[in-house]
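Visitor: I'm new to this one. Can you walk me through it?
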Amino acid sequence: MTDDQLELMREAENSVAAAKTLLLSGYPKYAASRAYFAMFYVAQAFLEGKELTFSKHSAVIAAFGREFAATGQIPTEFHRFLIDAQETRNIADYGSRDAVAPEQAQEQIERAERFLELATQTLGPIPPENA
């Protein structure tokens with residue numbers, strides 16, 4: 001795992017933790033948004049392994065699907081998770097206060113955890129910060 005991948009994986013791990021805290025504190029729309037970013041960072045880490053970087057979210061999502069899901073390197077459901085999470089994040093960020101139900105946020109968090117687990121199995125474990 002490169003230093004850039006490790007940094008992205010740590011951001012993903014922190015985003016999952018933040019999402020859980022936000023949901024427990026009664027902020028499901030913000031939790032869903034953080035869960036999306038966890039998945040987004042993982043997708044970027046995968047792409048970084050192929051020396052691919054993009055400035056737009058849509059480009060990252062498309063490249064992740066093309067490079068990993070379409071080739072069978074990862075199950076296609078993870079690309080779908082990322083697409084769905086972006087849609088939920090848009091609703092969360094631009095919708096009303098109750099735009100995302102707690103159950104929806106919980107589902108996004110669970111998917112983000114699965115995404116992170118896939119990445120650690122594929123790219124390697126995330127060592128502790130002070131290691």
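Predicted model: local features only at pLDDT ≥ 70, side-chain atom pairs only at ≥ 80, totals over all residues.

Visitor: Okay, core first. How many residues does the largest nonpolar core have?
Guide: The largest nonpolar core has 43 residues. Those with the most contacts inside it are Val42, Phe46, Phe64, Ile74, Leu82 and Phe115.

Visitor: Which elements give two or more residues to this core?
Guide: They are α1 (3-24), α2, α3, α4 (76-94) and α5 (102-123).

Visitor: And which gives the most?
Guide: That is α2, with 14 residues.

Visitor: Let's zoom in. What does valine 42 touch, leaving out residues up to four places away in sequence?
Guide: Valine 42 touches Met9, Ala12, Phe115, Leu116 and Ala119.

Visitor: Now the rings. How many aromatic pairs are there in the whole structure?
Guide: A search finds 12 aromatic pairs. One joins phenylalanine 37 and phenylalanine 40, with ring centres 6.2 Å apart. Their planes are at 80°, so this pair is edge-to-face.

Visitor: Where do phenylalanine 37 and phenylalanine 40 lie?
Guide: Both lie in helix α2. They are three residues apart, about one turn of the helix.

Visitor: Are those two buried or exposed?
Guide: Phenylalanine 37 and phenylalanine 40 are both buried.

Visitor: Which residues form an aromatic cluster?
Guide: Phe46, Phe64, Phe68, Phe78, Phe81 and Phe115 form one. Phe68 also has a charge over its ring: the charged end of lysine 50 sits there, 4.9 Å from the ring centre.

Visitor: New topic. What is the phi of glutamate 51?
Guide: Glutamate 51 has a positive phi of about 55°, although it is not a glycine. Most residues other than glycine have a negative phi.

Visitor: Where is glutamate 51?
Guide: Glutamate 51 is in the loop between α2 (28-48) and α3 (57-69).

Visitor: Why does glutamate 51 count as exposed?
Guide: Its relative accessibility is 72%, and exposed means over 50%.

Visitor: Last one, proline 28. Which helix does it lie in?
Guide: Proline 28 lies in helix α2. It counts as buried because its relative accessibility is 14%, and the cut-off for buried is under 20%.

Visitor: What is proline 28 in contact with, leaving aside its neighbours within four places in sequence?
Guide: Proline 28 is in contact with Leu23, Val100, Ala101, Pro102 and Ala105.

Visitor: What separates the C-alpha atoms of proline 28 and aspartate 84?
Guide: Those atoms are separated by 16 Å. Along the chain, proline 28 and aspartate 84 are 56 residues apart.

How values were computed:
Residues numbered from 1 in each chain as written. Heavy atoms only, no water. Helix = DSSP H or I, 4+ residues; strand = E, 2+ residues; numbered from the N terminus. Buried < 20%, exposed > 50% of the residue type's maximum accessible area, 1.4 Å probe, protein only. Core = buried A, V, L, I, M, F, W, Y, C linked by side-chain atoms within 4.5 Å. Contact = heavy atoms within 4.5 Å. Phe/Tyr/Trp six-rings, centres within 6.5 Å; stacked < 30°, edge-to-face > 60°. Lys NZ or Arg CZ within 6 Å of the ring centre and 35° of its normal.
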